[in-house]
Structures are given as C-alpha cells and as structure tokens.
Amino acid sequence: MSNKVVWIINQYASTPDVGMGGRHFYLSRELVKQGLTVYVIASSYTHLHRDPPEVKDKHLEQVIDGVNYIWLKMPKYSDAHSKQRILNWFLFAWKLLALGKIIRDRPDAILFSSPSLVGFLGARALSKRFRCKLAFEVRDIWPLTFIKIGGFSKKHPFIIFMQFIERYAYKRADVVISNLKNAVEHMMLQKMHPAKFSWIPNGVSFNEVQSPDLLPLNVINSIPKDKFIVGYTGTLGVANALEYFVDAADQLKSISDICFVMVGDGKERSTLESQVIDKKLDNVVFIESVKKSQVQSLLKCFDVCYIGWRDEDIYKYGIAPNKLPEYMYAEKPIVHSFSGGGDYVIESGCGLTVPAEDSQAIAIAIKKLYCLKNVDRLEMGRKGHEFVLNNLEYGDLAHKLSEVLLRY
C-alpha cells in the first residue's frame, strides 16, 4: 500500500503540543511508518486545545513526525456551549472545499471523523471531486448524544438537521468506522448495511508508554506516601460522574490507609472540591493535570485506578476513553463504574465493574481490592496489560485502518 495518500479530516484533531494528541495523531504516525502519505486536516482552534497553533494566514502547514498537518484558521470562542462553536462547524465544512488548492497530493481515501457532522458534507464533495474512497468515522454518536445526555428534543430543528446528515453519511460513505464496539447496532437502526462497519478502538502508543516522562516534583510531593492510592486521571467533567467517587471516599473514610487522588482539571473540579469540603473529607486529594507523556509515571503511584460514567442508555453502544487502555497498560487493577456494553474490564478480567452512579458499589469494590493479597492485585493488572498488548496497540490498529481505507 506504499505511495497511497490518505486525508484524515477531524475538526478537533490535535497533537501533544497543541492538546492531548490522541487517536488520529497516533494512527497517522503509524500509517506513515507503513509507507502512506498522510494529511490531517484540523481546526486551528477548538475549546479542547491547550496551546492552539498560531495561524496568521488562511491556513498553516506543518510536518509533525512525518504527518502533514493542515490547520485551517478558525475563529476562537469561549467554551463548548458557545454559538461560535456551532458556526465553526459550518465554516470548517466550507473551508474543506479549498483543500484541493492547498494539498498537492490527491487522496486515495478520505476519512471524515465525527463528532461534528456538518463537515461530512464538505468531505463528501471532496471525495466526489477526487473520485476516491470515503470513510465516515463515528467517535461520538450525534445527534443521539444530544438527545440522551443533552436533553434536546428529537423535534428540535437543529437535531433534525443533524439527523439528516448522520443518515446521509451512513448511506453515502463507502465504509463506516467507529471506536465504539457496538455502534453498528445504532447504525443499522438508521438503515445502514452492517457490512459497511468496522470497529477500530482507541489504543496506546508503545513508544509513549514504554518511555514515559518523569513527573514534576510538585506532583510527586502531592501524592500521599504510605497510603493505598485509588487514583483517577483525566477530565473532571459531568460525564465522568466523579461525585459518586467522592461519595465512595466518604463511605470509606474510616479506613485511614485508603486515599482517593484525582488528577486533572475540568468544569466540575470546583464542585467536587466543595463536595469534599462539605463532607469534611481528608482522604481526597486534587492534583493539577499532567502531560499525556507523564501519565504512565503517574499511574505507577496508584494501587487501583478508577473510571466512572453516567447511567445512560447510550453507553450500550460502547465507550472509547483513552484512559482505560492507559490504566490497563500500567498493570493496575481497575474499578469501573459502568452500565453499558463493550467493557474491557470484564472482557480482560483486569478489575471490578460495578453499576454506574452507585457510590456504595464503588466503595465495596475498592474495599475488596484493598483487602486482596498484593499478588492477586498484580494478577488482575497483568491481565489488563496482556489485553492491551494483544488488542490495543496503535501500530496494529493502523494496519487494520489502512486495510479498511484502501481495500477495493
């Protein structure tokens, strides 16, 4: 498949320097190693960017680890709920039409990645112009997420508009990809033929996890010593349901050896800190977020890793957090507060899954792991590590992606 050209269009794509990197950064690097020429087309600004690139003209071209990045200049906005964010979806779709003048390498395949759907219209126009294969990747099921979690009515005009694009994408794309294992069940309800579907999960980059950067001294000093650490790292947001994690800490406060550590930032941090103060808990510690390249060094400080979710019907189609493969690679037992499908923790046996939004069940699971012999916790962690090695390495996932994109 050498000399083939792939365009990956993801409005929210980033690199470790810009944001958290993530799926397309790692997949693209691996595709380049296979001999493909890869272009990642992204917005110069999104609310997810930590340090967005400075784009003085209409676009900025960069080559990062062999991957060609095209940053399309977009207006800045205040937060995820800004009207400008929605306007940017339409502007990004419009600007995609000029890519033929920017990129000299004609694509053999174009991958358009959600969650934003409007840009698919631009990607579809490009695929017709270049007569190339078109893949639609679903990383978040829109507009269903807006309806189930956002509380929007199915009859809202904008929801109806997005529903039209979603169904159009399933119909017109040559292949449909998702990192949500059971997403095909939803897609079939939208009249998509299941033969179009391929599951390509999120994973880990061995280069990154095998040689992690050291933690800053202030982070090391913030983690309690000689304690049984139950740790969470990532966004402190509504979707993570961390108030139940704090409730579990309240229920286990009589066990002085157990300490709950939350590493990260997000809109819910102040609310969670207030919850800890109101409950007068001294067994919960908050630490500022660390770089992605430092995560494995951080996880070594934990005895158990925690991840939680809302109790929402939409999760029956699966989940795709980056932190779960990272936890598993770190060989740590996991407490997973989750009521949905495609659960790696159950599949691999690397921890305990309990119902979502059930603080008592979370506390019981943590206490159970605390009471286990160390050798048994190590065995749980080993199972998760082996699962990642066998199923979730980005080099292997990129081979699957290239087969899906370029087979005819």
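**Cysteines, a helix pair and a glutamate**

Author: Cys301 has 32% relative accessibility, so Cys301 counts as partly exposed. Keep in mind that this is a predicted model.

Reader: How far is the sulfur of Cys301 from the closest cysteine sulfur?
Author: 11 Å, and that sulfur is in Cys305. The gap is too far for a bond.

Reader: And Cys371, buried or exposed?
Author: Exposed, because its relative accessibility is 57%. The closest cysteine sulfur to that of Cys371 is in Cys259, 17 Å away, so again too far for a bond.

Reader: How many disulfides does the structure hold?
Author: The count is 0.

Reader: Switching to helices. At what angle do helix 1 and helix 17 pack?
Author: About 75 degrees, with the axes 8 Å apart. Helix 1 covers residues 23–33 and helix 17 covers residues 394–406. The two are therefore roughly perpendicular.

Reader: Which residues make the contact?
Author: From helix 1, Arg23, Tyr26, Leu27, Glu30 and Leu31. From helix 17, Tyr394, Gly395, Leu397, Ala398, Leu401 and Ser402. By class, the contact has 7 nonpolar, 2 polar and 2 charged residues.

Reader: Next, Glu137. Where does Glu137 lie?
Author: In strand 6, which spans residues 133–138.

Reader: Is Glu137 buried or exposed?
Author: Buried, because its relative accessibility is 1%.

Reader: Which side chain does a polar contact join to that of Glu137?
Author: That of His24, at 2.7 Å. Glu137 also touches residues including Arg23, Leu111, Phe112 and Ile177.

Terms used
Residues numbered from 1 in each chain as written. Predicted model: local features only at pLDDT ≥ 70, side-chain atom pairs only at ≥ 80, totals over all residues. Heavy atoms only, no water. Helix = DSSP H or I, 4+ residues; strand = E, 2+ residues; numbered from the N terminus. Buried < 20%, exposed > 50% of the residue type's maximum accessible area, 1.4 Å probe, protein only. Polar contact = N/O pair within 3.5 Å; in protein donor to acceptor, adjacent residues only side chain to side chain. Contact = heavy atoms within 4.5 Å. Axes fitted to C-alpha atoms, helices over the stretch in contact; angles between N-to-C directions. Parallel < 35°, antiparallel > 145°, perpendicular 65-115°, else oblique. Nonpolar A, V, L, I, M, F, W, Y, C, P; charged D, E, K, R; others polar. Disulfide = S-S within 2.5 Å. Lists of a residue's contacts leave out its neighbours within four places in sequence.
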